[in-house]
Amino acid sequence: MASSAAGIMRMGRQTAPTLVGWAQRRAMATATLHTERLPDLDYDYGELEPAISGEIMKLHHQKHHQTYVTNFNKALEQLESANDPQAIVALQSAINFNGGGHVNHSIFWKNLAPTSKGGGSPPEGNLAKAIEAQFGGLDKVIAKMNAAGAGVQGSGWVWLGLNKDLKRLTVETTANQDALVSKGLVPLLGIDVWEHAYYLQYKNVKPDYLKNIWKVVNWSDVAKRFDSA
């Protein structure tokens, strides 16, 4: 009995610091948990008109993108407290969807600019040369992206991406809020073809939205992404 009691006391002395250390590490991790925020736009909501209405831009940014950010942060918080593999795996869908929505939209806003700030001006430099060499000109890559975007069934995105291994540009689509990096590609230009991106203005005529959005594409931003990649 005496031996057992001594063993319990020794276990208590050993366990207490371990529990305290775990609690401290958990508190520190929670205190430093990384959270995302809704990025500001470089232009006013109405500055992309008539290509994209101010009403759509405001709803798209303040409501849809904000929801992705809120739910992504919530999923990250839940992941921080998850303590078994099943709980962690169960959170992956929410993390991928909402995190992808945040990543995709953050690129999308930068890919756009009012005509007064260069929106619609054709690309220059290395990107222009790559487009000419691989697609035969800007008009052809636009036509290719429009066809791919119009062909997306349901919700998704159409992208101009870069395959770094092959050092080639490529036009790709992704479903829902899947990020282009999931295909091993660097996103350069993304066009949102979810209905919330155009329906209030273009109704069900997605090709008209795809035709007009090129008037406000910020090719300068796309070129910077290409050069940095």
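This is a predicted model: local features need pLDDT of at least 70, side-chain atom pairs count only at pLDDT 80 or more; totals for chains, interfaces and linings use all residues.

**The sheet and the aromatic rings**

Author: Three strands build an open sheet in the order S2-S1-S3, with antiparallel pairing; two strands pair if DSSP finds at least two bridges between them. Strand S2 (168-175) and S3 are the edge strands, each pairing on one side only. The twist from one strand to the next averages 25°; axes are lines fitted to C-alpha atoms, for helices over the stretch in contact, and angles run from 0 to 180 degrees between N-to-C directions.

Reader: Over how many bridges do strand S1 and S3 pair?

Author: Strand S1 (residues 156-163) and S3 pair over six bridges, in the antiparallel sense. Leu162 stands opposite Val186 in S3.

Reader: How many helices and strands are there in the protein chain?

Author: Helices (H or I, at least four residues) and strands (E, at least two) are DSSP runs, numbered from the N terminus. The protein chain has eight helices and three strands, and its elements run α-α-α-α-α-β-β-β-α-α-α from the N terminus on. Helix H4 (residues 125-135) lies across S1 and S2, at about 85° to S2; contact means heavy atoms within 4.5 Å.

Reader: How is a pair of aromatic rings described?

Author: The distance of the centres and the angle of the planes describe such a pair. Rings of Phe, Tyr and Trp (its six-membered ring) pair if their centres lie within 6.5 Å; planes under 30 degrees apart count as stacked, over 60 as edge-to-face and the rest as tilted. The structure holds eight aromatic pairs. The rings of Tyr198 and Tyr209 have centres 5.1 Å apart and planes at 25°, so this pair is stacked. Tyr198 lies in the loop between strand S3 (186-192) and helix H6 (199-202), and Tyr209 in helix H7 (residues 206-213), so the pair ties together parts eleven residues apart in sequence. Elsewhere, ring pairs link Phe108, Trp109, Trp157 and Trp159 into a cluster.

Reader: Is Tyr198 buried or exposed?

Author: Buried means under 20% relative accessible area, exposed over 50%, partly exposed in between (1.4 Å probe, protein chains only). Tyr198 is buried, at 5%, and Tyr209 is buried, at 1%.

Key. Residues are numbered from 1 along each chain as its sequence is written. Side-chain values use heavy atoms; hydrogens and water are left out.
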